[in-house]
Amino acid sequence: MKSMYSVFILVVGWCTVGIAQDEMGDEASAFYDDVTQSHLPVGRLGGLSMDAATTDLDADGDLDIVIVHEFGNNILLLNDGTGRFESGSRQLPSRIRDSEDVGIADLDGGGDLDLVVVA
């Protein structure tokens, strides 16, 4: 139930930002900076993204991102601690599947996070 609540809040947040930008037009740029080009490896993000999850996968204290793609390579973006992300995708299996969902938890009780991609 907790993860459903989190997803609901996230979606509402996205809608609120979209409404604020539409209503404010050019004034929205005073509140939001587009750092896509400088903070994300944009070329890696093309494709049909189906799901994303965030957690600290490399145990350095900041949130990393896993993005799963439909019939494309899944993506791991590692946060460098300043909000900039570098590709860590080589650490993921390279086999292309119809990836739809991603889950992250310590499933085996081993003390580290496990990544599950549903295809």
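From the N terminus on, the elements of the protein chain run α-α-β-β-β-β-β-β-β, that is, two helices and seven strands. Helices (H or I, at least four residues) and strands (E, at least two) are DSSP runs numbered from the N terminus. This is a predicted model, in which local features need pLDDT of at least 70 and side-chain atom pairs count only at pLDDT 80 or more, while totals for chains, interfaces and linings use all residues. Residues are numbered from 1 along each chain as its sequence is written, and side-chain values use heavy atoms, with hydrogens and water left out.

**Confidence**

The predictor's confidence in each residue is given as pLDDT, from 0 to 100. Its mean over the protein chain is 77, and 71% of the residues reach 70 or more. A contact means heavy atoms within 4.5 Å.

**Chain totals**

Of the 119 residues of the protein chain, 22% count as buried. Buried means under 20% relative accessible area, exposed over 50%, and partly exposed in between (1.4 Å probe, protein chains only). The protein chain exposes about 8400 Å², of which carbon and sulfur atoms supply 57%. Accessible areas come from the Shrake-Rupley method with a 1.4 Å probe; for residues, only the protein chains shown count as cover. Among contacts with a separation of 6 or more, 32% join residues 24 or more positions apart.

**Nonpolar cores**

In soluble globular proteins, nonpolar side chains tend to be buried together. A nonpolar core is here a set of buried Ala, Val, Leu, Ile, Met, Phe, Trp, Tyr and Cys residues joined through side-chain atoms within 4.5 Å. The largest has seven residues: Ala53, Val66, Val68, Leu76, Leu78, Leu92 and Val102. Strands S2 (64-72) and S3 (75-79) each supply at least two residues of this core. A second, separate core has five residues, including Ile67, Ile75, Leu77 and Phe85.

Leaving aside residues up to four places away in sequence, Val66 touches Asp51, Ala52, Ala53, Leu57, Ile75, Leu76, Val102, Ile104 and Leu115.

**Positive phi values**

Most residues other than glycine have a negative phi. Ala59, not a glycine, has a positive phi of about 55°. Ala59 lies in the loop between strand S1 (49-55) and S2. Phe71 is another residue other than glycine with a positive phi, near 55°, and lies in strand S2.

**Surface residues**

Leu107, Val116 and Val118 form a nonpolar patch on the surface, with about 250 Å² of accessible area together. Patches are made of residues with over 30% relative accessible area and no salt bridge; like charges are joined within 9 Å and nonpolar side chains (Val, Leu, Ile, Met, Phe, Trp, Tyr) within 5 Å. A salt bridge is a side-chain nitrogen of Lys or Arg within 4 Å of a carboxyl oxygen of Asp or Glu. Leu107 lies in the loop between strand S6 (101-105) and strand S7 (114-118). Not counting residues up to four places away in sequence, Leu107 touches Asp114 and Val116. Val118 has its place in strand S7.

The table gives relative accessibility for residues named above.

| Residue | Relative accessibility | Class |
|---|---|---|
| Ala59 | 69% | exposed |
| Phe71 | 60% | exposed |
| Leu107 | 58% | exposed |
| Val118 | 44% | partly exposed |
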